[in-house]
Amino acid sequence: MSAEVEGVPVDALKRHAELSELVEEARERYYVLDEPTVSDAQFDAWFNELLQLEQAHPTLQTPDSPTQKVGAPVRGDFAKVQHLQKMESLDNAFNDADMAAWQVRAERLAEHDPGPYLCELKIDGLAIALVYRNGRLERGATRGDGRTGDDVTPNVRTIKGIPHKLEGDDVPSLVEVRGEVYIPVAEFGKLNEQLVEQGKAPFANPRNAAAGTLRQKDSRITAQRPLRMLVHGVGVWEGAAEPRTQSQVYDRLREFGLPVSDLYQVVPDLTGINDFIEHYRVHRHDPAYEIDGVVVKVDKIRTQRELGSTSRAPRWAIAFKYPPEEVNTKLLDIEVGVGRTGRVTPYAVMEPVLVAGSTVERATLHNAAIVVKKGVLIGDTVVLRKAGDVIPEIVAPVTALRDGSEREFVMPTHCPECGTELAYEKEGDADLRCPNARSCPAQIRERLYFAAGRRALDIEGLGYVAATALTQPVEGQEPVLRTEADLFDLTLEQLIPIRSVVRDQETGLPKIDPKTGEPKVVSFFSNVSGAPSQNALKLLAELEEAKKVPLWRVLVALSIRHVGPPTAQELAGALRSIDAVMNASEEELAAVEGIGPRVAATIREWFAVDWHREIVERWKAAGVRMEDEPAPEKGPQTLEGLTFVVTGTLEGFTRDSAAEAITSRGGKVAGSVSKKTAFVVVGENAGSKYDKAVSLGVPILNEAGFGVLLDQGPEAAAEVAVKPEE
């Protein structure tokens, strides 16, 4: 044992060596090869464990330790250049306590309040340094190891938005600006599709795509790809008055014509920092580029210099990292599920992995063409993404880890649940469908679950487990519901003996009992003694209540293609009864507001099917309400011809009642903000629609202003509306 590590436990020594090797290899693949094989979350976990070991045993922290280095050594075919000033990395914070500790440490070292602070988004891209001499772009270089980087000037010159000559009169004679090169999220998928079509491996994420593009030997290839850059700092500034704050630096750089983000904010204290972090935790996907956190900087340049740097990172800045939304896992298989319209969807079955706060085992792959476009093989290590609350999605394979055992996915030719041969509905369709709409258990199950939804029959007791139990034959039993027509004829005697395979709600695939390895089977409508369970009693009671819902909800529950709640409300409002809808001609249907010829044809086709009409007749015979009261006389149409958007939570209105208040006065309610929007009504926790209204200059009404709109009309509302420029 050497003197430098004397007294350190052997297991700590071994773990330190193991972690050092893992971190160095990961850096090499990330910074040099642009082929990462571990997720950012795994790298952060290794690096933080390494830091903790060195804090516990300081003799392990040597100049060669990965914790004392920035980036990775530069290699390859590019010329090497020395940065005018070292490009540092950033220390990380992962929670409020970490942020508070950083702020206290900065206050102690500066011996005064280091605020205010500049908060900005941490772009998940490739660090770059641009040197401008006498206003002209001299070179662009990657960060490399912080002191030496790759000279990628020819490629930098092709990036849209990077000026070759700075604008203005008071331009520094020498300035080195730092920033991040990225590929917009919207362009990333298109780029990967092109690569797969060309027989090339897709990129795992936008950051790798940006890095691989910037390091192209042929700058013509770089020019064809949608690289962008945002500047976030300065290394050297000579020959002109230097700004006093970071925010003033950004103002000057913007005046020079450099691309600087507007999505930053100067705040006075830790409360302001935390508010900014929480805002973008919710609005993480609003920017056009990927972010993985927030960077917080001391705004005053003088205080930055007082605080200085460690061997690898400035003490005056820190990166707050959000929980990872991308992880790596193993793709074990690809199976298919069947939806309510018969669409057959491939799903990835993966080794369970924690991502965005939940354990994920399945992810959608949409259709067979998407599997090909993503370049995914069964057996691949894949990049899995779960952004917010959406269904998890595989982004791309990690091709560097392939060993030759992987195999292609082959789409089945027959429905996995009823055995019917699959087919395309019409030539050119992307989706295969099971044409057995009448008796395929999967389609009946999905349609019943949909019919029970809040915007249809609103039957809480008919959740996914119940819908499965009612439509699935188990242990020789015939399904209780052979079609939706049987729904309102259910009896307690039918429910009690049912046992059912439990299915995944997102994919429709059976859940496996870990103890037996067989599909999990449960008794849902009876208890251990064989008596009816609360589930059975609740379902029957709610079915009685569902018979009273208005006509438009019944129309939604029938799963007529293209007839969602807005269309159903228009139909019910115009025709008032199911018989009138069923017997209306295509021309009469198309004349209804918001219907049009295509939807009209679909409605006529649906009612032309005998077993569809049987559902209607059986529900009608069971007492389901099939006719609305005569339409009330319209009140004053004070909002006629105007379009509105409602966002956030209002105290005096639900989203539906606010929309009804608008439409009853002749207005229209849209789902997105455009220049044609008359007003945006904003409640608590308003999101991106509020931001869009501000950017487009659309007048904004709070709840009080909404009351003025309803009571006094749009002219009075315009007087109390908040104008975005205000």
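Start with C440: its relative accessible area is 0%, so this residue is buried (buried means under 20% relative accessible area, exposed over 50%, partly exposed in between, using a 1.4 Å probe and protein chains only). Before going on, a word on ground rules: this is a predicted model, where local features need pLDDT of at least 70 and side-chain atom pairs count only at pLDDT 80 or more, while totals for chains, interfaces and linings use all residues. Residues are numbered from 1 along each chain as its sequence is written, and side-chain values use heavy atoms, with hydrogens and water left out.

So what does C440 pair with? The closest cysteine sulfur belongs to C415, and at 3.8 Å it is too far for a bond, since a disulfide is a pair of cysteine sulfur atoms within 2.5 Å. The total by this rule is zero disulfides. C418 is likewise in no disulfide, with the sulfur of C434 nearest at 3.6 Å. At 27% relative accessibility, C418 is partly exposed.

Now for the annotated positions. An unreviewed UniProt entry carries a "binding site" annotation that covers, among others, L90 and E180; positions follow the numbering used here, feature names are shortened, and annotations may be inferred rather than shown by experiment. The annotated residues span 282 residues in sequence and the farthest two C-alpha atoms are 25.8 Å apart, so they do not all gather at one spot.

E180 lies in strand β7 (residues 174-182); strands here are DSSP runs of E, at least two residues, numbered from the N terminus. E180 counts as buried at 11% relative accessibility, whereas L90 is partly exposed at 24%.

Key
Helices (H or I, at least four residues) and strands (E, at least two) are DSSP runs, numbered from the N terminus.
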